[in-house]
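Let's take a walk through this fold, from a few contacts up to the whole sheet. Keep the viewer open as you read.

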Amino acid sequence: MTALLIGLLACFGTGTAEAKQPTDASPLLGTWVSTKTDGGLAEIVITDVSGNFEVHPYGSCSPTFCDWGIHPPLRFSNSIGSSTAIGLQLTINFKFATRYMQGRIITNSLGQKLLEITTQTRFLDQRNDYQLTENFKLK
């Protein structure tokens, strides 16, 4: 049994593997505006400057948008062999709630490229947690 374990370790190595995120974030980049005019998120600005991939969401507040801050998300491709990002995930911690955002590029029935964002809000008080999925188009 020990010989088998040693053989497996020699075959697979003992080093740890590092996760690799897609390097081409271009499909996600830009200023994305909500396709609706009420509630949820109003706008999402996604940038990649010198390898610093950042998401800057703005909530639908009045008279101006609520600034949710700038966050470094994880990027995801549509396959293990692709280096092109088509999705993202980030967590935003507020004093009153934690928001989990997942996004992905979709194509609607008219062939329009959209960014679909699902935000799950977990409140730190007695309010009910909820999930909201919204679509955004490039500005």
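A polar contact here is a pair of N or O atoms within 3.5 Å; within protein, one must be able to donate a hydrogen and the other to accept it, and residues adjacent in sequence count only if both atoms are side-chain atoms. With that in hand, look at H71: a polar atom of its side chain lies 3.5 Å from the backbone oxygen of G69.

Before going on, a word on the numbers. This is a predicted model, where local features need pLDDT of at least 70 and side-chain atom pairs count only at pLDDT 80 or more, while totals for chains, interfaces and linings use all residues. Residues are numbered from 1 along each chain as its sequence is written, and side-chain values use heavy atoms, with hydrogens and water left out.

**The overall layout**

The protein has 1 helix and 9 strands; helices (H or I, at least four residues) and strands (E, at least two) are DSSP runs numbered from the N terminus. Reading from the N terminus, the order is α-β-β-β-β-β-β-β-β-β. Of its 139 residues, 31% count as buried, where buried means under 20% relative accessible area, exposed over 50%, and partly exposed in between (1.4 Å probe, protein chains only).

The 9 strands make an open sheet in the order β4-β3-β2-β1-β9-β8-β7-β6-β5, with antiparallel pairing. Strands pair if DSSP finds at least two bridges between them. Why is one side of β4 and of β5 left without a neighbour in the sheet? Both stand at the edges with a single partner strand each, so one side of each has no neighbour there.

| Pair | Bridges | Direction | Example of bridge partners |
|---|---|---|---|
| β5 (residues 74–76) and β6 (residues 87–93) | 3 | antiparallel | R75 and L88 |
| β6 and β7 (residues 97–107) | 7 | antiparallel | G87 and R104 |
| β8 and β9 (residues 130–138) | 7 | antiparallel | L115 and F136 |

β6 and β7 also form a hairpin, with 3 residues between them.

Contact means heavy atoms within 4.5 Å. Of the contacts with a separation of 6 or more, 35% are between residues 24 or more positions apart.

**The core and the aromatics**

A nonpolar core is a set of buried Ala, Val, Leu, Ile, Met, Phe, Trp, Tyr and Cys residues joined through side-chain atoms within 4.5 Å. The largest one holds 17 residues, and I44, I46 and M101 have the most contacts inside it. At least two residues of this core come from each of β2 (41–49), β3 (52–59), β6 and β8. If you click on I46 and skip residues up to four places away in sequence, you'll find that I46 touches L28, L29, G30, W32, F53, E54, V55, L88 and L115.

There's an aromatic cluster too, made of W68, F94, F96, F123 and Y130.

Buried or exposed, which is H71? H71 is buried, because its relative accessible area is 14%. Apart from residues up to four places away in sequence, H71 touches F53, E54, V55, P57, L90, T91 and I92.

E116 belongs to strand β8 (residues 113–123) and is buried as well, at 19% relative accessible area. Its side chain makes a polar contact with the side chain of R104 at 2.8 Å. R104 is also among the residues that E116 contacts beyond four places in sequence, along with Q102, G103, I106, T133, E134 and N135.

**Loops and the disulfide**

The search of the whole structure turns up 1 disulfide, meaning a pair of cysteine sulfur atoms within 2.5 Å. The disulfide joins C61 to C66, with an S to S distance of 1.4 Å. The link is left-handed, with -100° about the S-S bond. C61 is partly exposed at 31% relative accessible area, and C66 is partly exposed at 27%.

Most residues other than glycine have a negative phi, and most peptide bonds are trans. The bond from S62 to P63 is cis, with omega near 15°, and P63 lies in the loop between β3 and β4. S50, in the loop between β2 and β3, has a positive phi of about 55° although it is not a glycine. S50 counts as exposed, with 74% relative accessibility.

Definitions and conventions: Rings of Phe, Tyr and Trp (its six-membered ring) pair if their centres lie within 6.5 Å; planes under 30 degrees apart count as stacked, over 60 as edge-to-face and the rest as tilted.
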